[in-house]
Amino acid sequence: MSSPAPTTSVTRPAAWELPALVPDEDARTRRLVDYVLLRATGVVLSVLVLGHFAVTHFVTDVADDNSAFVARRLSSALWVTWDSAMLAAALAHGAIGVRLALADYASGRRRRVLHRTVVALTTVLFVLGAIAIARVAHV
Amino acid sequence: MNAAQAVFLVGFVLVLGAVGAFSVVVARSAARGGRAAGLGLRGGSTEHSRGGRAAFLTHRLTGFGIFAFLCLHIVDVGLYSVSRRLYDDVQPIYGSWPLRIFECGLLFAILFHTGNGLRLIAVDVARLSPRWTAGLLRAVVTVAAVGGVAGSALILSPLFG
């Protein structure tokens, strides 16, 4: 039997052979998705959040942001859309950003637990916020 | 202060505590020379200057602070769907002087985080030179400072009649 010729084709090494610091393909994809989502939501929020702050603090003083103000504002389709988009974008942006930061300070099991906590927290808040917008706007 | 506002204050103190704890973690890691890698598409952070590093840390801290407050804010505004009365019980606390001062800090944080975030996108997309990158940072800090002071004057003005 002749010994097998040295192979020149490059095959993807198994996951356990990868050095810990070289991300595999899935990790690179997640990184790219995070990168694009973080920046896309960021651009959207730069308008939505500054507009929200201006309306609730400068156009109307914060002392006058009572339930009548909320009801009046959310009777317009523009503001229902505005607040819904802001809720989703802010939570997605926050979840990705915090998860990214945590990766620098925690590793292993602790990081996984923290990541899941962030995802669970933002999911609960999204549901709460969406229910609130829907009920106020009588959607 | 009513009972609903007292519960809000507990949540508010938790938010401040979370921000404080996170700041300690970030500061300790930074003091040890910890990794401050940004999520650059081409890997690594886009700038390693002193200003860039300070901007990175400030971006991280303001981002966490805004997110922590957002968590509380969604709950307190969400009270409206429980009852309008409950919302109106809690809401006046935002007009008190301690909360108004907090809102000024929040405005500075939002302005810097927004400006710096848009700057990082510009740096990445247009592959700006270090000189432009640093110049943009100065512009962001100036806009945040001027806008923050002007906005704070408006937010605090009801306290002075």
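Q: At roughly what angle do the axes of α4(B) and α5(B) cross, and within what distance do they come?
A: This is a predicted model. In it, the axes of α4(B) and α5(B) cross at roughly 155 degrees and come within 9 Å. Angles over 145 degrees count as roughly antiparallel, so α4(B) is roughly antiparallel to α5(B).

Q: Is the crossing of α4(B) and α5(B) left-handed or right-handed?
A: The crossing of these two helices is right-handed.

Q: And which residues make that contact?
A: On α4(B), the residues include Arg100(B), Glu103(B), Cys104(B), Leu107(B), Phe108(B) and Leu111(B). On α5(B), they include Val140(B), Val143(B), Ala144(B), Gly147(B), Gly148(B) and Gly151(B). By class, the contact of α4(B) with α5(B) has 14 nonpolar, seven polar and three charged residues.

Q: What lies in the loop between α4 and α5 of chain B?
A: Arg127(B) is located in that loop. Arg127(B) has a positive phi of about 45 degrees, although it is not a glycine. Most residues other than glycine have a negative phi.

Q: Is Arg127(B) buried or exposed?
A: Arg127(B) counts as exposed, because it has 11 C-beta neighbours inside 10 Å and the cut-off for exposed is 12 or fewer.

Q: Stepping back, how many helices and strands are there in chain B?
A: Chain B has five helices and zero strands, and its pattern along the sequence is α-α-α-α-α. Of its 161 residues, 30% count as buried. Among chain B contacts between residues at least 6 apart in sequence, 76% join residues at least 24 apart.

Q: Which residues touch the most other members of the largest nonpolar core?
A: That core has 40 residues, and those touching the most other members are Ala90(A), Val136(A), Ile66(B), Leu70(B), Tyr80(B) and Ile110(B). The elements giving two or more residues to this core are α1, α3 and α4 of chain A, along with α1, α2, α3, α4 and α5 of chain B. The largest share of the core, nine residues, comes from α2(B).

Q: What is Tyr80(B) in contact with, leaving aside its neighbours within four places in sequence?
A: Tyr80(B) is in contact with Ser67(A), Val70(A), Ala132(A) and Val136(A) of chain A, and with Tyr87(B) of its own chain.

Q: Over to chain A. At roughly what angle do α1 and α3 cross?
A: The axes of α1(A), residues 25-59, and α3(A), residues 77-102, cross at roughly 135 degrees and come within 8 Å. That angle makes α1(A) oblique to α3(A). The crossing of α1(A) and α3(A) is left-handed.

Q: Which residues meet there?
A: Among them are Leu37(A), Leu38(A), Thr41(A), Val44(A), Leu45(A) and Leu48(A) in α1(A), and Trp82(A), Ala85(A), Met86(A), Ala89(A) and Ala90(A) in α3(A). The contact of α1(A) with α3(A) has 14 nonpolar, five polar and one charged residues.

Q: What does Ala89(A) touch, not counting residues up to four places away in sequence?
A: Ala89(A), in helix α3 of chain A, touches Thr41(A), Val44(A), Leu45(A) and Leu48(A).

Q: Lastly, how do the axes of α3(A) and α4(A) cross?
A: The axes of α3(A) and α4(A), residues 108-137, come within 10 Å and cross at roughly 175 degrees. These two helices are therefore roughly antiparallel to each other. Their contact includes Leu87(A), Ala88(A) and Leu91(A) of α3(A), and Val118(A), Val119(A) and Thr122(A) of α4(A). The residues of this contact divide into 15 nonpolar, five polar and three charged.

Key
Residues are numbered from 1 along each chain as its sequence is written. Chains are lettered from A and ligands numbered from 1 in the order in which they are written. This is a predicted model: local features need pLDDT of at least 70, side-chain atom pairs count only at pLDDT 80 or more; totals for chains, interfaces and linings use all residues. Axes are lines fitted to C-alpha atoms, for helices over the stretch in contact, and angles run from 0 to 180 degrees between N-to-C directions. Helices (H or I, at least four residues) and strands (E, at least two) are DSSP runs, numbered from the N terminus. Angles under 35 degrees count as roughly parallel, over 145 as roughly antiparallel, 65 to 115 as roughly perpendicular and the rest as oblique. A crossing is left-handed if the near helix is turned anticlockwise from the far one by less than a right angle, and right-handed if clockwise. Two residues are in contact if their C-beta atoms, placed from the backbone, lie within 7 Å. Ala, Val, Leu, Ile, Met, Phe, Trp, Tyr, Cys and Pro count as nonpolar, Asp, Glu, Lys and Arg as charged, and the others, Gly among them, as polar. A nonpolar core is a set of buried Ala, Val, Leu, Ile, Met, Phe, Trp, Tyr and Cys residues joined through C-beta atoms within 7 Å. A residue is buried if 20 or more other C-beta atoms lie within 10 Å of its own, exposed if 12 or fewer, and partly exposed in between; C-beta atoms are placed from the backbone.
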